[in-house]
Amino acid sequence: MARSAIPDCNSNQWLFIFATGRSGSTTLLSMLNEVPQIRLSGENGNLLSMIDGAEAYTRNDIKRNAKRWPQPWYNAPDMQLIDNDICSWIGHLLGEPRAPARVKASSAVVKSNMPGGPANGLPVYFGFKAIKIELLPIVLRLFPRAQIVVNYRLALNEQANSSWWKRVNGSEKMLANRTRTMLLQVQRCAQDSHLWLCVGIYVDKDFALEMCEHH
């Protein structure tokens, strides 16, 4: 991705998907990538969790040692500059997304409601998906005007018996807790972001969206 193509951190041209695992978020990602204006990447090896940990450590270190400067063991970094660099680094990590997989007509639900349409000179949205809702606060801090898509699945019993969840003891209860935590996090952040809530359902093993609405 050319450096000039990456939006400013404060731009509304960032779009992130937050979801629970096996909720249909990969299919949703492909649907959105069919829109010419949207270029989303995958989970990127969970790098955002490591960034969040390093950034939180730095903030705590600054707070803990603020009264001890100046001395040889501590510096006084500017967190705003650090956040700007992290934002830019994340943009470069995304690269150019692969061509989207073929999806069925259900993508029209997304196309009709999400930012999109022909990319003829219009803004392009960049971003990725994550299955850790606890990362939402750092995303909103780094990208305060980002569009956020929150995707979860209604049939938790089906989700709990899907793929790797089948090997996890108490997976349905765990998913119920994660979904509840995700929706509570959404409520807390709703005043500070542009949120889209997407509920995933499966009909005859094909993914569809029961709703995708703006909050």
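Is Ser49 buried, partly exposed or exposed? Ser49 is partly exposed because its relative accessible area is 21%, where buried means under 20%, exposed over 50% and partly exposed in between (1.4 Å probe, protein chains only). This is a predicted model, in which local features need pLDDT of at least 70 and side-chain atom pairs count only at pLDDT 80 or more, while totals for chains, interfaces and linings use all residues. Residues are numbered from 1 along each chain as its sequence is written, and side-chain values use heavy atoms, with hydrogens and water left out.

**Surroundings of Ser49**

- Ser49 sits in helix α2, residues 47-65; helices (H or I, at least four residues) and strands (E, at least two) are DSSP runs numbered from the N terminus.
- Neighbours within four places in sequence aside, Ser49 touches Lys132 and Leu135, a contact being heavy atoms within 4.5 Å.
- A C-alpha separation of 9.7 Å relates Ser49 to Ile138, 89 residues apart along the chain.

**Aromatic pairs**

- Rings of Phe, Tyr and Trp (its six-membered ring) pair if their centres lie within 6.5 Å; planes under 30 degrees apart count as stacked, over 60 as edge-to-face and the rest as tilted.
- The count under this rule is five aromatic pairs.
- Phe16 and Phe143 form a tilted pair, because their planes are at 50 degrees, with ring centres 5.0 Å apart.
- That pair links distant parts of the chain, 127 residues apart: Phe16 belongs to strand β1 (residues 15-19), and Phe143 to the loop between α5 (136-142) and β4 (147-153).
- Phe16 and Phe143 are both buried.
- Trp164 and Trp165 also make a tilted pair, at 4.7 Å centre to centre and 35 degrees between the planes.
- Within this pair, Trp164 is partly exposed at a relative accessible area of 32%, whereas Trp165 is buried at 1%.
- One aromatic cluster is formed by Trp14, Phe16, Phe128 and Phe143.

**Nonpolar cores**

- A nonpolar core is a set of buried Ala, Val, Leu, Ile, Met, Phe, Trp, Tyr and Cys residues joined through side-chain atoms within 4.5 Å.
- The largest core has 31 residues, and those with the most contacts inside it are Trp14, Phe16, Phe18, Ile90, Phe143 and Ile148.
- At least two residues of this core come from each of β1, α2, α3 (79-94), β3 (125-130), α5, β4 and α7 (171-189).
- The element giving the most to this core is α5, with five residues.
- Another core, of 12 residues, lies apart from it and includes Ala19, Leu32, Leu40 and Tyr125.
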